[in-house]
Amino acid sequence: MNLLLYIAMSVAGYLGTLHELLFERTNKSLFSITVLLFILSACSRIGYSPADDDLSIYINLFQHPDEIYFEPGYIFVSDVIRFLLGSAPSVLVVTVCLWIVCFFVSALLICIWFYDRDESFFQKVLCASYLNTMLFVMILYWGCFFAAETLRVGMAISLLYCSCALAINNKVIFSVLLSLIAALFHLSCMLFTIGLVIMFVLKNLNMEQKQFLIWFFVMVAFDVIVGVFRIVSLPAFDDMFEIMSQIEMLTHFTSYRGEENEGYMNTQYITYHLLGLLMIWGNLDDKRFNKIVILYYIGLSIGTIFQFMDVVIRIQWLFLAMIVFAFYYFIKDDRYSFWLKNSVISFYAIVQMVMLLRVLGWHM
């Protein structure tokens with residue numbers, strides 16, 4: 001990824017964030033510039049990714065559709081893109097960028113619609129939508145990673161952003177339907193659907209900080225035990241892979257069987273768990289924020305359960321990416337000062353920037 005473009009995108013996004021935090025109004029020019037630089041940053045990785053990287057594979061399969069083995073939703077959309085706009089690599093990446101931005105903004109509009117019924121929707125969008133702040137928080141890592149590396153996963157999780165926004169505002173049926181549509185782009189989204197059903201069954205559950213702390217330390221303790229004794233195979237999961245091998249659409253996932261994840265407790269592990277620990281010091285009395293933390297902790301728990309698999313992080317993404325909504329309700333809470341909000345966002349931004357550049361690499 002071009003380092004100058006990425007830094008320029010980050011600066012534009014941060015300036016837009018400062019403007020919203022200070023004046024509670026979205027600067028449309030800064031928002032547009034941030035989106036443009038996001039697209040250029042993602043496109044700048046074309047031709048610089050290794051041949052075995054996801055981006056190179058997606059581009060190759062986009063240009064040679066006869067070899068695609070992906071889910072029908074992605075195949076359909078990629079066919080439409082190729083038919084209407086051609087098969088140039090930049091066409092695919094730009095379209096995915098716009099897809100991510102459009103569905104993420106749609107998810108924010110859902111949150112805005114349900115936030116405060118005493119104000120008109122259009123007034124809330126114009127005055128206190130925090131669209132730039134939320135875009136900045138999302139694209140620094142998740143957006144750029146989805147658009148410049150794991151395109152199909154990014155398109156699926158973009159739909160899950162809308163599904164999550166509906167779920168935390170108690171529109172569970174529509175949320176589940178949308179998550180099932182997301183599964184047409186990446187079958188792992190079925191796990192997110194299961195998470196939503198669990199939330200629906202436990203809809204009156206409002207977990208306290210103490211309960212989250214117990215959950216957190218149980219996960220970490222289990223991770224340490226597994227790491228020490230190298231428990232890498234469980235009968236239930238062996239049976240699961242055996243079933244998957246009998247279903248044609250799922251057979252390519254069985255390649256992960258027996259692959260150990262040698263570095264589960266790495267810097268990413270520390271980062272995700274540190275963020276999860278910090279989240280429980282937010283306003284857990286807000287049921288919407290509480291639901292987001294629960295979803296995030298489900299993601300951490302999936303990592304604990306499936307840590308012996310190399311694919312574990314791709315399963316976790318479905319839930320961990322929802323942390324962006326925690327920022328929305330954090331920023332909207334008047335109990336927190338401008339300086340605290342700015343400090344938290346700045347810390348998160350620096351961490352995300354370092355993570356992305358480490359994963360994707362950079363060039364001038």
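1. Buried means under 20% relative accessible area, exposed over 50%, and partly exposed in between, using a 1.4 Å probe and protein chains only. E24 is partly exposed, with a relative accessible area of 42%. E24 sits in the loop between α1 (3–23) and α2 (28–43). Its phi is positive, about 55°, although E24 is not a glycine.

2. This is a predicted model: local features need pLDDT of at least 70, side-chain atom pairs count only at pLDDT 80 or more, and totals for chains, interfaces and linings use all residues. Residues are numbered from 1 along each chain as its sequence is written, and side-chain values use heavy atoms, with hydrogens and water left out.

3. N170 also belongs to a loop, between α8 and α9. Helices are DSSP runs (H or I, at least four residues), numbered from the N terminus. N170 is exposed, with a relative accessible area of 53%. N170 is not a glycine, yet has a positive phi of about 65°.

4. Which residues of α10 are buried? They are C189, F192, T193, G195, L196 and M199. They cover an arc of only 160° around the axis, which puts them on the same side of α10. The arc is that of the directions from the helix axis to the C-beta atoms.

5. The buried residues of α10 pack against α8 (151–168), α9 (172–182), α14 (287–305) and α15 (312–320). Contact here means heavy atoms within 4.5 Å.

6. L202 lies in the loop between α10 and α11 (209–229). At 44% relative accessibility, L202 counts as partly exposed.

Terms used: Helices (H or I, at least four residues) and strands (E, at least two) are DSSP runs, numbered from the N terminus.
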